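Hello,

Here is the structure I promised to pass on. Please open it alongside this note.

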Amino acid sequence: MATSTSVPVSLPIPRIPRIRRTPEQIAAASSQVTERKVLLAAPRGYCAGVDRAVIAVEKALEHYGAPVYVRKQIVHNVHVVSELESRGAIFVEENEEVPTGALVVFSAHGVSPAVVQSAEDRGLRTIDATCPLVTKVHREAVRFAKNDYEILLIGHEGHEEVEGTYGEAPEVTTIVNNPEEADTVQVKDPDKLIWLSQTTLSVDETMEIVRRLRKRFPNLQDPPSDDICYATTNRQAAIKEIAPSSELVIVVGSANSSNSVRLVEVALDHGAKAAYRVDFANEVDETWFEGVSSVGVTSGASVPDVLVQEVLALLADYGFTDVEEITTAQEDIIFSLPKEIRGKLKESGDDARALGGRRSSTETR
């Protein structure tokens, strides 16, 4: 009789939920701490470009009906993406995954001309939710390429925004990822050279890259205006203000959010003893609070404030009830919604505002 060969089956190990230490246990381990304070950075969270993009998807679902396809994540935040998926949005990596003739929204990070052309070739209906500040960088790339400039694009290779900007003029653009690459990058004509940048970078690191580039190429030209967006700059300025007084900094934001990751780096560079990024309050490790009297809190530009409020509620449970908001700038920028959405609102008699700006910090999605 034939015998069968048994094949071992691999079963996943059940995940055991972590048991939190109680506030009393943390307090006992922090007996020398006499006061506990939260320094809450402002501005934080949603910027106008992010809100505009999210509203565009919401309005597309409302007026066109589900499903609405979105190329890449509309913004880099897992909570926002999950919420929109629950309403009928379908996120895809490329246009080829979208059924012919369907509606697709381009994310806030922008797309290259090749992506626009592929959508047209497939007969897709499109809504371009690219942040206007990213569009500005695209236009700069096109203009300088037409004027025979070589472009040094400072940014992270593989990031959607960098892919889109690079795609505007690939034949004359070189990506510079970090200060070390600034020391080795080669150019054809150092007298016909300009730098542009991703909008969500560390301001300090970008300026260090530019300093190194200009040391090698003295005639390197600056972009007509800052490419790093106001929201990125403001959030970094706010964390610089509170970091020296914060023994711990918590940044709310997703791992693929460039500006959120930069906030952790900026906090550590400017005096915070420890800094961590979390998507949600339940990712905060309460042992971080041991011996800590001051906690700085901020969030990336694609984070709804409800997630920050949940972190503050957790902190309050552990005795951090004194919250001081440190404001370093006021933001009142509002962008018009994409023209395709504005037209649909008018056609449908929707009297909702055709603007995408920062919503009230108490408004949730």
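Predicted model: local features only at pLDDT ≥ 70, side-chain atom pairs only at ≥ 80, totals over all residues.

Helix α8 comes first here. It covers residues 203–216. At 1.5 Å a residue, its 14 residues should span 20 Å, and the end C-alpha atoms are 20 Å apart, so the two agree. Which residues of α8 are buried? They are T206, I209, V210 and L213. Viewed down the axis of α8, the buried residues fall within an arc of 100°, so they line one face of the helix.

Next, the pair α2 and α3. Helix α2 runs over residues 48–64 and helix α3 over residues 78–87. Their axes come within 10 Å and cross at roughly 10°. Angles under 35 degrees count as roughly parallel, so α2 is roughly parallel to α3. On the α2 side, the contact uses V54, V57, E58 and L61. On the α3 side, V80, L84 and R87 meet them. The contact residues divide into five nonpolar, two charged and no polar.

Last, E283. This residue sits in the loop between β10 (275–278) and β11 (294–299). Is E283 buried, exposed or partly exposed? Its relative accessibility is 38%, so E283 counts as partly exposed. Leaving out residues up to four places away in sequence, E283 touches V278 and W288. T200 lies 83 residues from E283 along the chain, and their C-alpha atoms are separated by 24 Å.

Best wishes

Terms used
Residues numbered from 1 in each chain as written. Heavy atoms only, no water. Helix = DSSP H or I, 4+ residues; strand = E, 2+ residues; numbered from the N terminus. Expected span 1.5 Å × (residues − 1). Buried < 20%, exposed > 50% of the residue type's maximum accessible area, 1.4 Å probe, protein only. Arc of directions from axis to C-beta. Axes fitted to C-alpha atoms, helices over the stretch in contact; angles between N-to-C directions. Parallel < 35°, antiparallel > 145°, perpendicular 65-115°, else oblique. Contact = heavy atoms within 4.5 Å. Nonpolar A, V, L, I, M, F, W, Y, C, P; charged D, E, K, R; others polar.
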